[in-house]
Amino acid sequence: MSVTPASIAAFAFLPAEWIDQQYALVLFAGILLAGIGTLVVFLLGVVAYRRRREFHYLLITLALGALVVRTGVGLATAYGLLPMTIHHLLSHSLDFLVAVLVLYAVYHTR
């Protein structure tokens with residue numbers, strides 16, 4: 001099965017020029033699945049924090065929220081809204097933020 005420009009346009013996928021048209025649907029499907037997955041896990045984190053109201057739950061929930069934002073950065077880059085340099089800067093900064101939040105949550109857990 002080959003991916004044609006018409007099939008990409010039918011799904012409103014207008015990828016950035018650096019994306020090979022042959023793999024555009026696969027890329028967008030991967031980003032969509034990652035977005036759904038991280039959003040579900042983030043919402044579970046929000047529920048857990050609301051039930052426990054403990055500081056380390058808040059930190060973990062914020063880390064999960066950063067993963068949702070990271071997926072948004074990937075999607076914006078794939079659509080050509082963010083240049084690759086900004087994508088890398090934001091993505092790696094969010095990775096660092098996630099690591100710091102998780103380590104701080106572990107450090108402060110009794």
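Analyst: A polar contact is a pair of N or O atoms within 3.5 Å, where, within protein, one atom must be able to donate a hydrogen and the other to accept it. The model is a predicted one, with a mean pLDDT of 87 for the chain and 87% of its residues at 70 or more. Confidence is lowest in helix H1 (residues 5-10), at a mean of 52, and highest in helix H4 (residues 84-107), at 95. Where pLDDT is low, predicted coordinates should not be read in detail.

The setting can be given briefly. The chain contains four helices and zero strands, in the order α-α-α-α from the N terminus. Of its 110 residues, 26% are buried. Among contacts between residues at least 6 apart in sequence, 57% join residues at least 24 apart.

Helix H3 covers residues 55-78, which is 24 residues, and spans 35 Å from its first C-alpha to its last, close to the expected 34 Å. Its buried residues include Leu59, Leu64, Val73 and Thr77. Helix H2 (24-52) and helix H4 are among what covers the buried residues of H3. Gly80 follows H3 and has a positive phi, near 85°.

The side chain of Thr77 reaches the backbone oxygen of Val73 at 2.8 Å, a distance within the 3.5 Å limit for a polar contact. Beyond its neighbours within four places in sequence, Thr77 is in contact with Ala16, Trp18, Leu82, Met84 and His87.

H2, one of the elements covering H3, has 29 residues and reaches 42 Å between its first and last C-alpha, close to the 42 Å expected. Buried residues of H2 include Ala24, Leu25, Phe28 and Ile31. Arg53 follows H2, and its phi is positive, near 55°.

Phe28 lies in H2, while Tyr79 lies in the loop between H3 and H4, so the pair ties together parts that are 51 residues apart in sequence. Phe28 counts as buried because its relative accessibility is 3%, whereas Tyr79, at 31%, counts as partly exposed.

Phe55 and Tyr104 form an edge-to-face pair, with 6.2 Å from centre to centre and 85° between the planes. Phe55 lies in H3 and Tyr104 in H4, so this pair ties together parts that are 49 residues apart in sequence. Both partners are partly exposed: Phe55 has a relative accessibility of 46%, and Tyr104 has a relative accessible area of 38%.

In summary, H3 has buried residues whose cover includes H2 and H4, and the pair of Phe55 and Tyr104 ties H3 to H4.

Note on methods: Residues numbered from 1 in each chain as written. Predicted model: local features only at pLDDT ≥ 70, side-chain atom pairs only at ≥ 80, totals over all residues. Heavy atoms only, no water. pLDDT = per-residue confidence, 0-100. Helix = DSSP H or I, 4+ residues; strand = E, 2+ residues; numbered from the N terminus. Expected span 1.5 Å × (residues − 1). Buried < 20%, exposed > 50% of the residue type's maximum accessible area, 1.4 Å probe, protein only. Contact = heavy atoms within 4.5 Å. Phe/Tyr/Trp six-rings, centres within 6.5 Å; stacked < 30°, edge-to-face > 60°.
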